[in-house]
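The stops below say what to select at each point.

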Amino acid sequence: MKIALMDSGIGLLPTAAAVRRLRPDADLVLSSDPDGMPWGPRTPADVTERALAVARAAAAHRPDALIVACNTASVHALPALRAELEPGIPVIGTVPAIKPAAAGGGSVAIWATPATTGSPYQRGLIRDFADGAAVTEVPCPGLADAAQHADEEAIDRAIAAAAALTPRDVRAVVLGCTHYELLVERIRAAVQPHGLPPVVLHGSAEAVAAQALRRIGAQPAPAAAPTPGITVLLSGRESALPAAALAYPEGRLLDTVDAAR
């Protein structure tokens, strides 16, 4: 089994790690675009062009499925990716986990890039899936870029700024960018009011990984014997994991597997 994942950068790590936990015997292809990131400020047509290039590089390795582990690409490029690659390669997009967050009741905040915050796409998801919950959209300028470069000071500043815009009574935070899932504990600490029940953070990595397996008719097998195999593509060039990836547990997990090849 071979699963490919694509993103502008290392935001694909949480979903790749989730696939690795569900199927340690699956080979992974990690295709990103350091030459063209960030994708957020680009026009929809430009995002689609970059995403298609990254997807084609991954598709050349003949994966059984392609996960679009990027919210921006899922918003703008998913129809084009599916039109080109399916039915030969199932394409699985990433959608913010608004529905499960709202199902818990109480106030919900959605942390997302400035381009996604307030967008018709996100407003549509809120309308369709928030089920009347009180939702606050929180723009997080610079947070994805800071996570991409593992810039500790920039991460702290961006999280603090977003936390200041998050209502104190929030009960759930939706992580609307895959890069943010690398920072779960830091975000949780920033939004947790003293003396109140724990704030629940909702990412997409686990659900998307499970959906990829369903699309190819595979079952989770976390006890399967590991068969290390990771191919890293940086703007189409075969390489190693970027150094910044190793700042995160997800990156170190995959690097350990890669080193065992």
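Which residues does S107 touch, not counting residues up to four places away in sequence? Select A134, P167, D169, V170, R171 and A172; contact here means heavy atoms within 4.5 Å. The model is predicted, with local features needing pLDDT of at least 70 and side-chain atom pairs pLDDT 80 or more, while totals for chains, interfaces and linings use all residues. Residues are numbered from 1 along each chain as its sequence is written, and side-chain values use heavy atoms, leaving out hydrogens and water.

S107 belongs to strand β5 (residues 107-112); strands are DSSP runs of E of at least two residues, helices runs of H or I of at least four, both numbered from the N terminus. S107 counts as buried, at 10% relative accessibility (buried is under 20% relative accessible area, exposed over 50%, with a 1.4 Å probe and protein chains only).

Next, select helix α4 (residues 78-85) and show L78, L81 and L85, its buried residues. Viewed down the axis of α4, they fall within an arc of 65 degrees, so they line one face of the helix; the arc is taken from the directions from the helix axis to the C-beta atoms. On the face turned away from that buried side, find the exposed P79 and A83.
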